Amino acid sequence: MKIAVIGGGAAGLAAAGSAVGAQVVLFEHNDKVGKKIYITGKGRCNFTNVCEVSEFLQNVVTNAPFLRSAISRFTPDDAVELLNSCGCNTKVERGRRAFPSSDKASDVTKALRVYAERNGTEIRLSGNISAVQPNGDGYTVAHDYGEERFDKVIICTGGASYPVTGSDGSGYDIVRAMGHNIIDIRPSLVALKTSEELSQAEGLTLKNVSLRANGVKQIFGDMLITADGISGPIALTMSAYTARREYPFDVYVDLKPAMTHEELDARLLKDFGLKLNRQFKNSLDYLLPKSLIPYIIKRSGIDPSVQVNSVKRTERAALCELIKNFKLEICGNDGFDRAVVTSGGVDVKQIDPKTMESKLVKGLYFGGEVIDVDALTGGYNMHIALATGYIAGSSAAVS
């Protein structure tokens with residue numbers, strides 16, 4: 001059995017290593033494998049989340065049911081064991097996020113390469129695949145050095161996010177040419193751009209706030225104000241849930257989610273009472289970050305120079321509503337160049353979830369980000385790549 005694995009990222013290396021007993025050739029168009037792994041988790045590589053399968057799937061944004069079999073068969077514990085067995089010691093930190101003990105993503109890449117090469121995988125670097133053509137009971141793979149026949153092919157070419165790492169979307173053309181549907185790709189886990197100008201608050205981190213949008217439940221955590229929008233954990237999560245939404249759309253920031261409207265109103269009265277002759281524009285310093293206050297003042301409709309003892313009850317109620325529902329219009333995102341993952345890809349309806357084999361073309365398999373699956377931050381996306389690659393490789397070698 002001769003198998004071609006196209007793509008040398010996490011999914012491709014897992015596929016090559018798990019195709020036990022087969023003659024495996026892995027093609028990678030970069031000059032080294034695992035280039036995207038090196039920047040994962042800010043260079044530390046959060047490679048999985050050590051949680052139960054049911055909880056794992058709750059963090060999958062797109063097509064979670066499709067992944068149930070793969071995550072059940074290659075669990076987070078399996079990912080930890082695989083890396084440990086290939087020379088990469090691991091640790092689990094807050095939120096059950098697993099990292100290499102060294103905090104070096106390169107150690108994960110080295111371990112996955114060891115895994116692939118233990119199976120006798122031949123790794124070919126710096127070469128491009130131009131076509132994959134069904135040929136009788138197998139495939140002809142056309143690459144920079146000619147054509148070569150294989151019994152099976154596993155596509156692990158990644159998505160279109162961080163194209164500098166080699167994930168440039170080139171694999172979609174190969175898949176599309178063999179009759180598969182590609183769900184429109186969009187950037188995910190990416191900073192969002194706002195129509196509103198927030199430059200005075202650029203660099204401000206809003207701690208313990210919440211973010212919501214129509215159709216998306218409240219997301220709690222921290223958010224960063226950027227030069228042209230919002231970023232940080234809850235903004236990236238929002239980008240995942242709204243990746244396929246058309247722009248513009250509105251999101252709402254609750255600046256004081258721990259307070260009810262009544263509690264917030266009581267807090268305002270207390271702050272106003274500290275100095276009754278103080279002007280309204282100088283009365284919110286104890287409640288809100290200084291750089292955000294001008295935006296609140298402007299939107300409140302309250303005269304900035306009015307004394308706080310003259311602020312009407314209805315105005316105070318409207319102010320509470322503003323602080324609890326600070327609306328921002330989202331007009332775009334930072335694009336694939338800065339997106340962590342790609343939303344979209346090969347239609348899962350055309351893939352067998354138990355084997356990752358194409359339902360349209362026998363002997364063709366898929367692994368990783370090229371598939372229309374994506375998840376939140378926390379090690380889930382990396383694990384999906386490992387799990388789907390593992391299932392594809394092990395299935396291709398025995399079928």
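This is a predicted model: local features need pLDDT of at least 70, side-chain atom pairs count only at pLDDT 80 or more; totals for chains, interfaces and linings use all residues.
Local features need pLDDT of at least 70 and side-chain atom pairs count only at pLDDT 80 or more, while totals for chains, interfaces and linings use all residues. Residues are numbered from 1 along each chain as its sequence is written, and side-chain values use heavy atoms, with hydrogens and water left out.

**View 1. The whole protein.** Let's start with the big picture: the protein has eleven helices and 21 strands (DSSP runs numbered from the N terminus; helices are H or I with at least four residues, strands are E with at least two). The C-alpha trace spans about 85 × 40 × 35 Å along its principal axes. Of the 399 residues, 55% count as buried (under 20% relative accessible area, with a 1.4 Å probe and protein chains only).

**View 2. An open sheet of five strands.** The order is β7-β2-β1-β11-β20, and the pairing is parallel (two strands pair if DSSP finds at least two bridges between them). At the edges sit β7 (122-125) and β20 (364-366), each pairing on one side only. Look at β11 (residues 152-155): three bridges join it to β20. In one spot, I154 has Y365 in β20 as its bridge partner.

**View 3. Zooming in on T194.** You'll find T194 in strand β13 (residues 192-194). T194 counts as buried because its relative accessibility is 8%. Its side chain reaches the backbone oxygen of E196 at 3.1 Å. Leaving aside neighbours within four places in sequence, T194 is in contact with D228, G229, I230, L328, E329, I330 and C331 (contact means heavy atoms within 4.5 Å).

Technical notes
Buried means under 20% relative accessible area, exposed over 50%, partly exposed in between (1.4 Å probe, protein chains only). A polar contact is a pair of N or O atoms within 3.5 Å; within protein, one must be able to donate a hydrogen and the other to accept it, and residues adjacent in sequence count only if both atoms are side-chain atoms.
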